[in-house]
Amino acid sequence: SKPIVAILGRPNVGKSTLFNRIVGGRVAIVEDTPGVTRDRLYMDAEWSGRHFTLVDTGGLDFQEDSEITGHVRTQVELAIREADVVLFVVDARAGLNPDDLEVASVVRRAHKPAVLVVNKVENFDSPEKIYDFFQLGLGDPVPVSAAEGLNTGDMLDRLVELL
Ligand code: GDP
Ligand code: MG
């Protein structure tokens with residue numbers, strides 16, 4: 001069967017927008033309100049002839065202004081367990097967030113291959129905005145704009161190398 005690629009990250013970083021960009025449709029609901037995607041959503045996707053199943057883990061979203069709960073941590077761990085590769089998404093506009101560190105530590109402990117995707121980069125003139133994300137310990141951050149489709153091809157090249 002096809003490898004499973006899970007999109008992980010805290011609410012509102014653009015997971016569903018990235019999911020839609022990769023599958024080429026508008027199937028995941030994108031909202032300004034965090035936590036709007038209630039269930040995990042699976043779609044078949046393909047890049048450079050490599051087929052995989054993409055999972056939007058929006059249903060794992062936790063409430064804004066609350067700490068990541070034990071329940072959410074468990075759900076993130078379950079999503080990682082079924083994944084072969086993780087797309088870990090952070091938000092360049094918001095900057096590094098304590099919840100990013102929390103979810104990243106779960107990803108690191110799972111020892112699954114991961115691509116660190118820094119989303120909402122519409123302007124590639126100020127790369128210093130992404131340097132902070134090296135702290136997550138998940139390798140070189142890959143800047144993209146899921147909304148505009150900028151650099152998502154390079155990100156997918158990185159992803160399929162890990163499949
Ligand atoms: P999720 O909660 O992680 O699934 O995030 P969503 O995909 O629902 O997006 C959250 C918000 O970020 C929405 O208002 C999107 O329009 C916005 N957003 C998503 N991707 C981008 C991007 O690449 N650039 C910018 N500027 N905004 C984005
Ligand atoms: Mg979502």
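Predicted model: local features only at pLDDT ≥ 70, side-chain atom pairs only at ≥ 80, totals over all residues.

Reply: The protein has five helices and six strands. Along the sequence they run β-α-β-β-α-β-α-β-α-β-α. There are 163 residues in the protein, and 39% of them are buried. Now the contacts. Take those between residues at least 6 apart in sequence: 68% join residues at least 24 apart.

Next, the loops. N12 sits between β1 (4–8) and α1 (15–23). The phi of N12 is near 75°. That value is positive, and N12 is not a glycine. How many other C-beta atoms lie within 10 Å of N12? The count is 19. A residue counts as buried at 20 or more, and as exposed at 12 or fewer. N12 is therefore partly exposed, with its 19 other C-beta atoms within 10 Å.

Now K120. K120 belongs to the loop between β5 (114–119) and α4 (128–131). Phi of K120 is near 70°. Again the value is positive in a residue other than glycine. Is K120 buried or exposed? K120 has 22 other C-beta atoms within 10 Å, so K120 is buried.

N12 has a positive phi, near 75°, and is partly exposed. K120 has a positive phi, near 70°, and is buried. N12 lies in a loop that leads from β1 to α1; K120 lies in a loop that leads from β5 to α4.

How values were computed. Residues numbered from 1 in each chain as written. Chains lettered and ligands numbered in written order. Helix = DSSP H or I, 4+ residues; strand = E, 2+ residues; numbered from the N terminus. Contact = placed C-beta atoms within 7 Å.
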